[in-house]
Amino acid sequence: MKSLTRLSLLLLLAAVLVQGMPTSSRGRCLCVAAGAPAIHPKRIAKVEIYGQSGSCQQIEVIVTLKGSGQRKCLNSTSKQASHLIQKLLKRNK
């Protein structure tokens with residue numbers, strides 16, 4: 001009976017922990033630091049913009065560079081990032 005009580009307590013604890021987990025598929029913020037203020041437009045192959053979510057309270061602008069395929073974060077408050085956000089918003093309208 002003692003093992004049944006322990007098993008029940010363990011299952012109850014597991015259920016509580018699972019309910020408290022975030023549901024966002026993205027997880028935490030992708031950009032750890034503020035990011036680069038600007039990147040030369042000719043080097044940019046792709047732009048990704050992620051809005052605020054339950055797990056990340058900031059807007060993130062991530063660019064993929066031509067050639068290397070390296071992904072870099074842009075400072076979302078920079079002039080270049082603001083311009084890219086506005087450009088993508090106009091394109092999606």
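In the predicted model, Ile49 makes contact with Ile59, Glu60, Val61, Leu84, Ile85 and Leu88, when residues up to four places away in sequence are not counted. Ile49 itself belongs to strand β1. With a relative accessibility of 30%, Ile49 is classed as partly exposed, because this value falls between the limits of 20% for buried and 50% for exposed residues. Leu74 lies 25 residues from Ile49 along the chain, and the C-alpha atoms of the two residues are 9.9 Å apart.

The largest pocket holds about 210 Å³ of space. Strand β1, which spans residues 44-50, and helix α2, which spans residues 79-92, are the elements that each supply two or more residues to the lining of this pocket. The greatest contribution comes from α2, with six residues. By residue class, five of the lining residues are nonpolar, two are polar and two are charged.

The protein as a whole contains two helices and three strands, arranged along the sequence in the order α-β-β-β-α. Of its 93 residues, 18% are buried. When contacts between residues at least 6 apart in sequence are considered, 49% of them link residues at least 24 apart.

Key:
Residues are numbered from 1 along each chain as its sequence is written. This is a predicted model: local features need pLDDT of at least 70, side-chain atom pairs count only at pLDDT 80 or more; totals for chains, interfaces and linings use all residues. Side-chain values use heavy atoms; hydrogens and water are left out. On a 1 Å grid over the protein atoms alone, a cavity is a set of points where a 1.4 Å probe fits but cannot get out, and a pocket is an open set with protein on both sides within 12 Å along at least five of seven lines; lining residues have an atom within 4 Å of a point. Grid points are joined across faces, edges and corners, and a volume is the space filled by probe spheres set on the points. Helices (H or I, at least four residues) and strands (E, at least two) are DSSP runs, numbered from the N terminus. Ala, Val, Leu, Ile, Met, Phe, Trp, Tyr, Cys and Pro count as nonpolar, Asp, Glu, Lys and Arg as charged, and the others, Gly among them, as polar. Buried means under 20% relative accessible area, exposed over 50%, partly exposed in between (1.4 Å probe, protein chains only). Contact means heavy atoms within 4.5 Å.
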